[in-house]
Amino acid sequence: EDGGPQPEKHCGHGRGGMGEEVKRKEDQRFITGRGNYVDDIKKPGMLHCEIVRSPHAHARIEDIDKSRALSVDGVVAVLTAEDLLEHDLATMPTLMDDTQDVLVNDKVKFQSQEVAAVIATDRYTAKDGAEKVVVDYDVLDPVIGAENALEDDAPVIRDDIEGKEDNHCLDWETGDEEATAEAFEEADVTVKEDMLYQRLHPAPIETCGAVGDYDPGKDKLTVHMTSQAPHIHRTLFAQVSGIPEHKIRIVSPDVGGGFGNKVPIYPGYVVAAAASYVLEEPVKWVEERSENIQSTGFARDYDMTGELAATEDGEIQAVRTDVLADHGAFNAVAQPSKFPAGFFNIFTGSYDIDTAYGTLTAAYTNTAPGGVAYRCSFRVTEAVYLIERMVKVLADELDMDPAEIRRKNFIQPEQFPYESATGWNYDSGDYEKALDKALEMADYEDYREEQQRRIEEDADKLLGIGVSSFTEVVGAGPGKSCDIAGVEMFDSAEIRVHPTGNATVRVGVQTQGQGHETTFAQIVAEELGMDVDDITVEHGDTDTDPYGLGTYGSRSTPVAGAAAAVASRKVREKAKAIAANELEAAEEDIDWDRESGEFHVAGAPDRSITITEIAAGAYMNHPSSEEPGLEAINYYDPPEMTYPFGSYIVIVEVDRETGEVEFEKFVAVDDCGNRINPMIIEGQIHGGLAQGIGTAMLEHVTFDDNGNVTGGDFMNYLLPTSMEIPEFETGHTVTPSPHHPIGAKGVGESPTVGSPPAIVNAVVDAMSHGGISHVEMPMTPDTVWEKLDEAGLAM
Ligand code: PCD
C-alpha cells in the first residue's frame, strides 16, 4: 500500500510526521550549553597530545631530537614515525588507496604536515614540549600549483611511490570524444571559457579531534572522534591497526559541523588512538583553527575549461570540458572509490544535451591533501559551476536572455527517468516550474528594465542579474557502483518499540547539525502513527548502531531516510498481526489509517487500536504466530541516486568606483521532493547559501612560492559573517523521487552547489555590456574593479 511516494503534507495529523515544522529536539541541549563534543570528553588520567608540524612544504628530515622535549616536566612521550613503525602504524591508507604518512617518515610533503607528537599531562605542557622538539630539515624546492607540478623539470614529490618519476596523479575521462568533436565542428556557434574553482576550506565551527581510550582490562579500543562516518572509520582502524573490529568502538558524539571536512581519517586520530594503546591511558588530541585549515581536507581546486556548441537560436548541442586538478601531496579525495573525479560527470546539468566529453588530469603538489566533498556530492559543485557559467557565456554570445536560453534547453518533465550523455540516470525533475517560480519571486522583468535604465543613465552603480538552474545528484549508493574502501554504500535504520509504546531508532548515519534527531523521528512517526515526542533517535556509536556509511553527499535522507521508512513499514506489518490478535479479527482484515495513525478492522473504524496498545500486546499478549517484541531493522541499498534541483536568482549592484558588490535580492527556489521538515530545510538553505556567498566573494586557500599557506587562518581565510549575508527569499516546488519510499531527495548541499554560479553570473551580467564574460572567484572588490576597468566601466 505504500510502494510509491506520498504526496506532501498528506498527513498534517499533528503528531509531527512528514511535512510538519517540528522544532528541533536536539536544540534543547545545544541552546542550554549541554552539547557533548569531543573536547568536552574528560577521562580520569587523560593525557593530551600536541602535534609538531613542519614549517616547510618540501624537506627531508635529517634528524629529530626529542631530548629537550622529554625533559619538560609533564611530558610523557614524544612519538615519531620510528615509534609508530614498531606497531606498523607509520602510514595509513587514504580513502583513494594512496598511502599517507601518519607522522613523516622521511620527507615532508606539505607545510603543516605531522612530524612528531608530544603526549603530556595537560595541553599546555604538550604545547611547551612540542616547541622543544628539534627537527633538522634539509629543505627542498617546493612544487606549488598543478601546472608547475607537471613541468618536465619539476622536483618529484612522491618518490616514496616505486618508480615514480613525475608528479602526475591520475587521468580521467567521460563521454564521447569523437561525437563531441564533430558537434563542435558543425555548430553555428561555439563558446569557450577558462575558470578556476579555487581551493576552499570547509570550515566547521568545531575543528577535528579525538580521544583515544584503550582499556587493557577489556582489551578494547574506544575512539571518540569528530567523524561523519563512524562505521567505515572503525573498519579502516581495524584494517590498519590489526585490532579486531569488534574490539574497536568509534563514538562520534555531538559534531559541530562537518561539511565534508570530517569524512577523511587524519593522522591526529591515529596518533591519539595509537598513543592510548601504547601508554594505556586515554589521550586527547584537538586541533587549533589554523591546523584545521592548513592540514585537513581542502575542497575544489579544479582549474576548468568549458566549451559549448549551439545553434544560432540557442539550442545547446554539445559540451566539452578539460580539468587540471590539484590533489595536494597525497590522493586523499574522499569519494566513492570508482569515481576518481567524483560525480563531475553531471556537467551536462539540467539540460538535454546530446553529446558531452570531459577529461581531467590531476597532479601532486606540495600542499595539504584533500578534494573533499565540501557541501557537495563529490565534485558536483564544480560541475554545476562549469555548466551554469557556460550557459551564461553562451547567452551573452547570442545576445539571449539567460532565463530564456535555459528554458529552451531544459530536460522536460516527461523525459524522466532521463539518461544523460555521460550515462547518469536522473530520477525526476521539473526545471521550468522552479525557474518560473524564481523569476516571479525575483520580479525579473522589472529588474531587467531597471538594469537597462542604469546603463542608459550612466549610473554609478550597475545592476546585474544572475540565474542558475542547477541539478544535483545525491544519495550514494547504489552499492554496486558506489563503495568506500570496498564497503558498499547502503545505509540502515533499526526501530525498537518498547512495551510502553515509545521507540528508539538507531541509524547508520551521523548528524553534524542537520537535525537528524528530529527528522528521522518524523519519518518513523509518520509511518507508525506515533507521536514524534515518543521517538528517540540515536547515532554515532558503532557499538550500538547498525552499520552505515555515514553522512556526506546529502545521503542521509535518500539512503538512511529510506531505511527508516522501510523499517517502520516492517514494524507496521508485524503490528497488524498483533492488532488482529487484540481485536480478534483476521490479519487480512486489519487496515492502517495514516490520518489517525490507528489500526482498525476493515469496514469497522470503531474497532481500532493505537500503536501504543499494540506495543503492549507485543510484549504482554503476543499472538502464538509471532515472536514477542516489536522491532525491525533495514539495510537499504538505493536503486538509484536522487536528483534534487532548483533555480536561484541573484540581483547585485556593482559599484563602478570601488568594485564592491551588494546583494539587492537573493531568491532561492529548491526542489528536494517530499519534504520532511520545512523549517529544517529552510535552515539548511540559509546555511548553504551563506557558504555559497563565501565561495563566490571571499574564500580562497592561497600559498606563496615557498609553499607557505598564506590563507591559513581566519584573518586571511575570510568567512562570510552576518554582515555579508543578505535576506534570502526562499521558495520550493515538490517533485517526488519516484524510487524513494517517501519520495524525498537530499537538500543539504543544494544551496552551496547552486549559488556560486548564480552570484558570478550576476556580477558578470552587470558588466557584460562592456564585453566581460567571466570574473574569477573570490570576487573581491579589487578583482571586480579590474574587470570594470577592462570593460571601460570603472569610475
Ligand atoms: N531534509 C528534509 N526533507 C528532505 C530532505 C532533507 O527535511 N526532503 C532534512 C533532513 O532530514 C536533514 C537535512 O534536511 O535534517 C539535510 O538532509 P540531507 O540533504 O539528506 O543531508 P544529510 O545527509 O542529512 O546531511 C549532509 C549534508 C552535507 S553533505 C553537508 S556538507 C552539510 C549539510 O548536510 N553539512 C552540514 N548541512 C549541514 N548542516 C549543518 N548544520 N551542519 C553541517 O555540517 Mo558534505 O558531503 O559532508 O561536504
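Biologist: How many salt bridges does the count come to by the rule?

Modeller: Side chains of opposite charge can pair when their charged atoms come close. The rule asks for a side-chain nitrogen of Lys or Arg within 4 Å of a carboxyl oxygen of Asp or Glu. The count by this rule is 53 salt bridges. Please note that this is a predicted model, in which local features need pLDDT of at least 70 and side-chain atom pairs count only at pLDDT 80 or more, while totals for chains, interfaces and linings use all residues. Residues are numbered from 1 along each chain as its sequence is written, and side-chain values use heavy atoms, with hydrogens and water left out.

Biologist: Which parts of the chain does the pair Arg29 and Asp254 link?

Modeller: The salt bridge between Arg29 and Asp254 has its closest N and O atoms 2.6 Å apart. This pair links distant parts of the chain, 225 residues apart: Arg29 lies in helix α1 (residues 27-31), and Asp254 in the loop between β13 (248-251) and α8 (267-279). Helices (H or I, at least four residues) and strands (E, at least two) are DSSP runs, numbered from the N terminus.

Biologist: Is Asp254 buried or exposed?

Modeller: Buried means under 20% relative accessible area, exposed over 50%, and partly exposed in between, with a 1.4 Å probe and protein chains only. Asp254 counts as buried because its relative accessibility is 11%. Arg29, at 24%, is partly exposed.

Biologist: Where do Lys576 and Glu573 lie?

Modeller: Both are in helix α15, three residues apart, about one turn of the helix. Lys576 is buried at 12%, whereas Glu573 is partly exposed at 44%.

Biologist: What is the N to O distance in the salt bridge of Arg572 and Glu527?

Modeller: The distance is 2.9 Å. Arg572 is in helix α15 and Glu527 in helix α14 (residues 516-528), 45 residues apart. Arg572 is buried at 5%, and Glu527 is buried at 0%.

Biologist: Which residues are linked in a network of salt bridges?

Modeller: Lys392, Asp396, Asp401, Arg448 and Asp765 form such a network.

Biologist: With which residues is Asp541 in contact, leaving aside its neighbours within four places in sequence?

Modeller: Contact means heavy atoms within 4.5 Å. On that basis, Asp541 is in contact with Arg249, Ile250 and Val251. Asp541 itself is found in the loop between β25 (535-538) and α15 (556-583).
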